[in-house]
Amino acid sequence: MIEQTFIAVFGVVAVFLSQDRSADARRWAPVFGLLAQPFWFYATWQAEQWGIFALSFLYAASWIRGLWTQWVRP
């Protein structure tokens, strides 16, 4: 249950920030997106939802790309 709370909070913040007009705010979207990923992995593993578990890796890769773009190579 706690993992669902973290998924909701971090996920919504990430999506909200990704749509902000401010580039400074958008920069934080992948950070919050990545914070949600361990909870996605755990929740889907525990529920044996293998399709969503696999999809979580693609989302993580996307957030890592955003982190690279926004923080490492701005």
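Student: What average pLDDT does the protein chain have?
Tutor: The protein chain averages a pLDDT of 97, and 100% of the residues score at least 70. Here pLDDT is the predictor's confidence in each residue, from 0 to 100. This is a predicted model, in which local features need pLDDT of at least 70, side-chain atom pairs count only at pLDDT 80 or more, and totals for chains, interfaces and linings use all residues. Residues are numbered from 1 along each chain as its sequence is written, and side-chain values use heavy atoms, with hydrogens and water left out.

Student: What does the C-alpha trace span?
Tutor: Along its principal axes, the trace spans about 40 × 20 × 15 Å. Of the 74 residues, 24% count as buried. Buried means under 20% relative accessible area, exposed over 50%, and partly exposed in between (1.4 Å probe, protein chains only).

Student: Now the packing. At what angle do H1 and H3 cross?
Tutor: The axes of helix H1 (residues 2-18) and helix H3 (residues 29-46) cross at roughly 155° and come within 8 Å. H1 is therefore roughly antiparallel to H3. Axes are lines fitted to C-alpha atoms, for helices over the stretch in contact, and angles run from 0 to 180 degrees between N-to-C directions. Angles under 35 degrees count as roughly parallel, over 145 as roughly antiparallel, 65 to 115 as roughly perpendicular and the rest as oblique.

Student: Is the crossing of H1 and H3 left-handed or right-handed?
Tutor: H1 passes H3 in a left-handed crossing. A crossing is left-handed if the near helix is turned anticlockwise from the far one by less than a right angle, and right-handed if clockwise.

Student: Which residues make that contact?
Tutor: Those of H1 include Phe 6, Phe 10, Ala 14 and Leu 17, and those of H3 include Ala 29, Phe 32, Ala 36 and Phe 39. By class, the residues of the contact of H1 with H3 divide into 14 nonpolar, 3 polar and 1 charged. Ala, Val, Leu, Ile, Met, Phe, Trp, Tyr, Cys and Pro count as nonpolar, Asp, Glu, Lys and Arg as charged, and the others, Gly among them, as polar. Contact means heavy atoms within 4.5 Å.

Student: And how do the axes of H3 and H4 cross?
Tutor: The axes of H3 and helix H4 (residues 50-72) come within 9 Å and cross at roughly 165°. That angle makes H3 roughly antiparallel to H4, and H3 passes H4 in a left-handed crossing. The contact of H3 with H4 has 17 nonpolar, 6 polar and no charged residues.

Student: What does Gln 37 touch in turn?
Tutor: Not counting residues up to four places away in sequence, Gln 37 touches Ser 56, Tyr 59, Ala 60 and Trp 63. Gln 37 is in helix H3 and counts as buried at 5% relative accessibility.

Student: Changing topic: where is Glu 48 found?
Tutor: Glu 48 is found in the loop between H3 and H4 and is exposed, with a relative accessible area of 56%. Phi of Glu 48 is near 55°, a positive value in a residue other than glycine. Most residues other than glycine have a negative phi.

Methods: Helices (H or I, at least four residues) and strands (E, at least two) are DSSP runs, numbered from the N terminus.
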